[in-house]
Amino acid sequence: MSHQFGDNQVLQKVNLEVCEGDFVTIIGSSGSGKSTLFNIIGGLLEPSSGEVLLNGGSIIGKTGHVSYMPQTPSLMPWRTVMENVELGQEIRGTVNHARTLELIDKCGFTAIKDDMPGTLSGGMRQRVSFLRALNTSGQLMLLDEPFSALDEITRIDMQQWLKDILKVEKRTVLMITHSIEEAIKLSDKIVVLEDKPATIKKIYKTLQEMTAESSQKLREELLELLR
Ligand SMILES: Nc1ncnc2c1ncn2[C@@H]1O[C@H](COP(=O)(O)OP(=O)(O)O)[C@@H](O)[C@H]1O
Ligand SMILES: [Mg+2]
(Lines give C-alpha, C1' and ligand atoms only; values in the text may rest on other atoms or scores of the structure.)
(Ligands and ions follow the chains in the order given, each with its own letter.)
Protein backbone atom coordinates (compact mmCIF):
# COMPACT_ATOMS: atom_id res chain seq x y z
CA MET A 1 0.00 0.00 0.00
CA SER A 2 1.24 3.53 -0.78
CA HIS A 3 0.16 6.97 0.35
CA GLN A 4 0.97 10.55 -0.51
CA PHE A 5 -0.27 13.89 0.79
CA GLY A 6 -0.09 16.11 -2.31
CA ASP A 7 3.53 15.82 -3.51
CA ASN A 8 4.68 14.35 -0.23
CA GLN A 9 5.11 10.60 -0.75
CA VAL A 10 4.80 9.27 2.79
CA LEU A 11 4.33 5.49 2.45
CA GLN A 12 5.74 3.59 -0.49
CA LYS A 13 4.75 0.01 -1.18
CA VAL A 14 4.49 -0.91 2.45
CA ASN A 15 3.73 -4.61 2.46
CA LEU A 16 3.12 -6.15 5.83
CA GLU A 17 1.39 -9.31 6.96
CA VAL A 18 0.32 -9.77 10.56
CA CYS A 19 -0.83 -13.15 11.86
CA GLU A 20 -3.55 -13.62 14.42
CA GLY A 21 -2.19 -13.39 17.95
CA ASP A 22 1.05 -11.67 16.93
CA PHE A 23 2.54 -8.69 18.73
CA VAL A 24 4.18 -6.59 16.03
CA THR A 25 6.17 -3.45 16.77
CA ILE A 26 6.87 -0.71 14.25
CA ILE A 27 9.98 1.41 14.73
CA GLY A 28 10.83 4.42 12.59
CA SER A 29 11.96 8.01 13.01
CA SER A 30 9.54 10.88 13.69
CA GLY A 31 7.61 11.93 10.62
CA SER A 32 8.29 8.65 8.83
CA GLY A 33 4.59 7.91 8.38
CA LYS A 34 3.79 5.57 11.27
CA SER A 35 0.64 7.37 12.39
CA THR A 36 -0.43 7.71 8.76
CA LEU A 37 -0.14 3.93 8.45
CA PHE A 38 -2.33 3.50 11.54
CA ASN A 39 -4.89 6.00 10.28
CA ILE A 40 -5.14 3.97 7.08
CA ILE A 41 -5.45 0.62 8.88
CA GLY A 42 -8.02 2.17 11.24
CA GLY A 43 -10.09 3.30 8.24
CA LEU A 44 -9.73 7.02 9.03
CA LEU A 45 -7.74 7.70 5.87
CA GLU A 46 -7.87 6.08 2.43
CA PRO A 47 -4.50 5.12 0.92
CA SER A 48 -3.53 6.55 -2.49
CA SER A 49 -3.12 3.01 -3.77
CA GLY A 50 -3.03 -0.56 -2.56
CA GLU A 51 -5.12 -2.71 -0.28
CA VAL A 52 -5.72 -3.20 3.41
CA LEU A 53 -7.18 -6.62 4.15
CA LEU A 54 -8.52 -8.03 7.38
CA ASN A 55 -9.26 -11.76 7.22
CA GLY A 56 -9.24 -11.41 3.44
CA GLY A 57 -11.78 -8.55 3.20
CA SER A 58 -10.94 -4.94 2.37
CA ILE A 59 -11.26 -2.50 5.29
CA ILE A 60 -10.27 0.63 3.38
CA GLY A 61 -12.28 3.58 4.68
CA LYS A 62 -14.09 1.38 7.20
CA THR A 63 -13.84 2.21 10.88
CA GLY A 64 -14.89 -0.07 13.71
CA HIS A 65 -12.85 -3.13 12.69
CA VAL A 66 -9.84 -2.35 14.82
CA SER A 67 -9.42 -0.73 18.22
CA TYR A 68 -7.15 2.24 18.35
CA MET A 69 -5.31 3.57 21.39
CA PRO A 70 -4.03 7.06 20.68
CA GLN A 71 -0.75 8.47 21.96
CA THR A 72 -2.39 10.69 24.59
CA PRO A 73 -5.05 9.06 26.79
CA SER A 74 -7.90 11.47 25.85
CA LEU A 75 -10.14 10.23 28.64
CA MET A 76 -13.31 12.17 29.33
CA PRO A 77 -12.69 13.97 32.64
CA TRP A 78 -16.37 14.04 33.62
CA ARG A 79 -16.81 10.28 33.29
CA THR A 80 -15.69 7.66 35.80
CA VAL A 81 -13.10 5.01 34.94
CA MET A 82 -15.90 2.50 34.25
CA GLU A 83 -17.79 4.99 32.07
CA ASN A 84 -14.63 5.75 30.13
CA VAL A 85 -13.88 2.07 29.62
CA GLU A 86 -17.41 1.65 28.28
CA LEU A 87 -17.19 4.49 25.80
CA GLY A 88 -16.23 2.41 22.76
CA GLN A 89 -19.15 0.06 23.38
CA GLU A 90 -21.49 3.02 23.78
CA ILE A 91 -20.44 4.49 20.45
CA ARG A 92 -21.07 1.15 18.75
CA GLY A 93 -24.34 0.57 20.61
CA THR A 94 -23.11 -2.64 22.21
CA VAL A 95 -22.94 -1.78 25.91
CA ASN A 96 -22.29 -4.84 28.05
CA HIS A 97 -21.79 -3.93 31.73
CA ALA A 98 -21.03 -7.51 32.77
CA ARG A 99 -18.24 -7.77 30.21
CA THR A 100 -16.81 -4.38 31.23
CA LEU A 101 -16.85 -5.35 34.91
CA GLU A 102 -15.15 -8.65 34.12
CA LEU A 103 -12.42 -6.86 32.19
CA ILE A 104 -11.97 -4.27 34.96
CA ASP A 105 -11.66 -7.09 37.46
CA LYS A 106 -9.15 -9.07 35.34
CA CYS A 107 -6.99 -5.98 35.03
CA GLY A 108 -7.08 -5.22 38.75
CA PHE A 109 -9.11 -2.01 38.45
CA THR A 110 -12.16 -2.84 40.56
CA ALA A 111 -11.10 -0.54 43.43
CA ILE A 112 -10.85 2.52 41.16
CA LYS A 113 -13.70 1.86 38.76
CA ASP A 114 -15.78 4.76 40.16
CA ASP A 115 -12.88 7.23 40.32
CA MET A 116 -12.54 10.23 38.02
CA PRO A 117 -9.56 10.29 35.59
CA GLY A 118 -8.31 13.56 37.15
CA THR A 119 -7.50 11.75 40.39
CA LEU A 120 -5.27 9.14 38.66
CA SER A 121 -1.57 9.22 37.79
CA GLY A 122 -0.43 9.43 34.16
CA GLY A 123 0.40 5.73 34.11
CA MET A 124 -3.02 4.76 35.45
CA ARG A 125 -4.77 7.00 32.92
CA GLN A 126 -2.82 5.28 30.18
CA ARG A 127 -3.95 1.88 31.50
CA VAL A 128 -7.58 3.02 31.51
CA SER A 129 -7.14 4.18 27.93
CA PHE A 130 -5.75 0.75 27.03
CA LEU A 131 -8.71 -0.95 28.75
CA ARG A 132 -11.08 1.18 26.73
CA ALA A 133 -9.43 -0.05 23.52
CA LEU A 134 -9.52 -3.62 24.83
CA ASN A 135 -13.22 -3.35 25.67
CA THR A 136 -14.37 -3.45 22.05
CA SER A 137 -15.00 -6.48 19.92
CA GLY A 138 -12.10 -5.85 17.50
CA GLN A 139 -9.42 -8.54 17.42
CA LEU A 140 -6.75 -6.16 16.10
CA MET A 141 -5.40 -3.40 18.33
CA LEU A 142 -3.35 -0.43 17.18
CA LEU A 143 -1.24 1.19 19.89
CA ASP A 144 0.41 4.46 18.85
CA GLU A 145 3.39 5.02 21.20
CA PRO A 146 1.30 4.10 24.26
CA PHE A 147 4.09 4.50 26.80
CA SER A 148 6.12 7.36 25.39
CA ALA A 149 4.85 9.99 27.84
CA LEU A 150 5.62 7.86 30.93
CA ASP A 151 8.67 7.89 33.15
CA GLU A 152 10.92 4.86 32.87
CA ILE A 153 9.82 2.98 35.99
CA THR A 154 6.11 3.42 35.18
CA ARG A 155 6.88 2.39 31.64
CA ILE A 156 8.59 -0.86 32.67
CA ASP A 157 5.72 -1.69 35.04
CA MET A 158 3.23 -1.03 32.32
CA GLN A 159 5.02 -3.19 29.75
CA GLN A 160 4.81 -6.13 32.14
CA TRP A 161 1.17 -5.35 32.92
CA LEU A 162 0.38 -5.30 29.19
CA LYS A 163 2.13 -8.64 28.66
CA ASP A 164 0.17 -10.21 31.53
CA ILE A 165 -3.17 -8.90 30.27
CA LEU A 166 -2.55 -10.14 26.74
CA LYS A 167 -2.01 -13.63 28.12
CA VAL A 168 -5.61 -13.74 29.34
CA GLU A 169 -7.21 -11.37 26.81
CA LYS A 170 -5.66 -12.49 23.55
CA ARG A 171 -5.40 -9.92 20.79
CA THR A 172 -3.38 -9.18 17.69
CA VAL A 173 -1.37 -6.04 18.38
CA LEU A 174 0.40 -3.53 16.17
CA MET A 175 2.37 -1.06 18.27
CA ILE A 176 4.43 1.98 17.35
CA THR A 177 7.39 2.69 19.59
CA HIS A 178 10.68 4.58 19.62
CA SER A 179 12.20 2.26 22.14
CA ILE A 180 14.38 -0.63 20.99
CA GLU A 181 14.19 -2.16 24.48
CA GLU A 182 10.43 -2.06 24.46
CA ALA A 183 10.27 -3.63 21.01
CA ILE A 184 12.56 -6.49 22.01
CA LYS A 185 10.74 -7.06 25.27
CA LEU A 186 7.21 -7.17 23.88
CA SER A 187 7.14 -8.24 20.27
CA ASP A 188 7.09 -11.36 18.15
CA LYS A 189 8.09 -9.28 15.15
CA ILE A 190 9.85 -5.91 14.77
CA VAL A 191 9.28 -3.89 11.61
CA VAL A 192 11.84 -1.17 10.87
CA LEU A 193 10.60 1.64 8.63
CA GLU A 194 12.93 3.62 6.43
CA ASP A 195 11.73 7.18 6.03
CA LYS A 196 11.01 9.63 3.24
CA PRO A 197 9.18 7.82 1.85
CA ALA A 198 8.58 5.05 4.35
CA THR A 199 9.29 1.58 3.10
CA ILE A 200 9.91 -1.51 5.15
CA LYS A 201 13.65 -1.70 5.71
CA LYS A 202 13.75 -4.91 7.63
CA ILE A 203 11.56 -7.29 9.62
CA TYR A 204 12.99 -9.13 12.60
CA LYS A 205 11.37 -12.10 14.24
CA THR A 206 12.13 -11.96 17.92
CA LEU A 207 11.87 -14.96 20.15
CA GLN A 208 10.45 -14.30 23.57
CA GLU A 209 12.82 -16.92 24.98
CA MET A 210 15.87 -15.34 23.34
CA THR A 211 19.24 -15.79 25.05
CA ALA A 212 21.02 -12.74 26.49
CA GLU A 213 23.57 -12.89 23.67
CA SER A 214 21.11 -13.02 20.83
CA SER A 215 19.03 -10.21 22.27
CA GLN A 216 22.20 -8.11 22.64
CA LYS A 217 23.02 -8.83 19.00
CA LEU A 218 19.52 -7.79 17.93
CA ARG A 219 19.80 -4.60 20.03
CA GLU A 220 23.05 -3.66 18.29
CA GLU A 221 21.66 -4.41 14.83
CA LEU A 222 18.57 -2.30 15.44
CA LEU A 223 20.64 0.57 16.78
CA GLU A 224 22.84 0.46 13.69
CA LEU A 225 19.82 0.34 11.38
CA LEU A 226 18.07 3.26 13.07
CA ARG A 227 21.11 5.57 13.16
N1 LIG B 1 -3.32 15.13 7.22
C2 LIG B 1 -2.11 15.37 6.69
N3 LIG B 1 -1.98 16.22 5.64
C4 LIG B 1 -0.77 16.45 5.07
N5 LIG B 1 0.38 15.90 5.49
C6 LIG B 1 0.32 15.03 6.53
C7 LIG B 1 -0.93 14.74 7.19
N8 LIG B 1 -0.69 13.85 8.20
C9 LIG B 1 0.65 13.62 8.17
N10 LIG B 1 1.24 14.33 7.16
C11 LIG B 1 2.68 14.27 6.81
O12 LIG B 1 3.04 12.91 6.63
C13 LIG B 1 4.34 12.64 7.16
C14 LIG B 1 4.25 11.51 8.15
O15 LIG B 1 3.52 11.90 9.31
P16 LIG B 1 3.12 10.88 10.45
O17 LIG B 1 2.43 9.72 9.86
O18 LIG B 1 2.41 11.63 11.49
O19 LIG B 1 4.56 10.43 10.99
P20 LIG B 1 5.00 9.67 12.34
O21 LIG B 1 3.77 9.19 13.02
O22 LIG B 1 5.90 8.58 11.87
O23 LIG B 1 5.76 10.66 13.16
C24 LIG B 1 4.84 13.97 7.72
O25 LIG B 1 5.65 14.57 6.75
C26 LIG B 1 3.57 14.77 7.93
O27 LIG B 1 3.82 16.13 7.81
MG1 LIG C 1 3.03 9.53 15.00
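Guide: The following account begins with the sheet and then turns to its surroundings.

The model is predicted: local features need pLDDT of at least 70, side-chain atom pairs count only at pLDDT 80 or more, and totals for chains, interfaces and linings use all residues. Residues are numbered from 1 along each chain as its sequence is written, while chains are lettered from A and ligands numbered from 1 in the order in which they are written.

The sheet is open and has 6 strands in the order S6-S7-S8-S3-S9-S10, with mixed pairing. Helices (H or I, at least four residues) and strands (E, at least two) are DSSP runs, numbered from the N terminus, and two strands pair if DSSP finds at least two bridges between them. At the edges stand strand S6 (66-69) and strand S10 (199-205); each has a single partner strand, so one side of each is left without a neighbour in the sheet. From one strand to the next, the twist averages 20 degrees. Angles run from 0 to 180 degrees between N-to-C directions, and axes are lines fitted to C-alpha atoms, for helices over the stretch in contact.

The pairings may now be followed across the sheet. Strands S7 and S8 run parallel and are joined by 5 bridges; here Leu-143 stands opposite Met-175 in S8. Strand S3 (residues 23-27) is likewise parallel to strand S8 (residues 172-177), with 5 bridges between them. Within this pairing, Phe-23 faces Val-173 and Val-24 faces Leu-174, both partners being in S8. Strand S8 is mostly covered, since 5 of its 6 residues are buried. A residue is buried if 20 or more other C-beta atoms lie within 10 Å of its own, exposed if 12 or fewer, and partly exposed in between, with C-beta atoms placed from the backbone.

S3 also pairs with S9 in the parallel sense, over 4 bridges, and the bridge partner of Thr-25 in S9 is Ile-190. S9 in turn is joined to S10 by 6 bridges, but these two strands run antiparallel. The peptide bond from Lys-196 to Pro-197 is cis, with omega near -15 degrees, and Pro-197 has its place in the loop between S9 and S10.

Two residues are in contact if their C-beta atoms, placed from the backbone, lie within 7 Å. Helix H5 (residues 122-134) lies across S6 and S7 and runs at about 170 degrees to S6. H5 has 13 residues and reaches 18 Å from its first C-alpha to its last, close to the 18 Å expected at 1.5 Å a residue; the expected span is 1.5 Å times one less than the number of residues. H5 is mostly covered, with 10 of its 13 residues buried, among them Arg-125, Phe-130 and Leu-134. The cover over the buried residues of H5 includes S6, S7, helix H2 (81-85), helix H3 (87-92), helix H4 (97-106) and helix H6 (152-168).

H1 leads on to the ligand. The residues around ligand 1 include Phe-5, Asn-8, Val-10, Gly-33, Lys-34, Ser-35 and Thr-36; a residue is near a molecule if its C-beta atom, placed from the backbone, lies within 6 Å of it. The elements that give two or more residues to this shell are strand S2 (8-11) and H1, and H1 gives the most, with 3 residues. By class, the shell has 2 nonpolar, 8 polar and 1 charged residues. Here Ala, Val, Leu, Ile, Met, Phe, Trp, Tyr, Cys and Pro count as nonpolar, Asp, Glu, Lys and Arg as charged, and the others, Gly among them, as polar.
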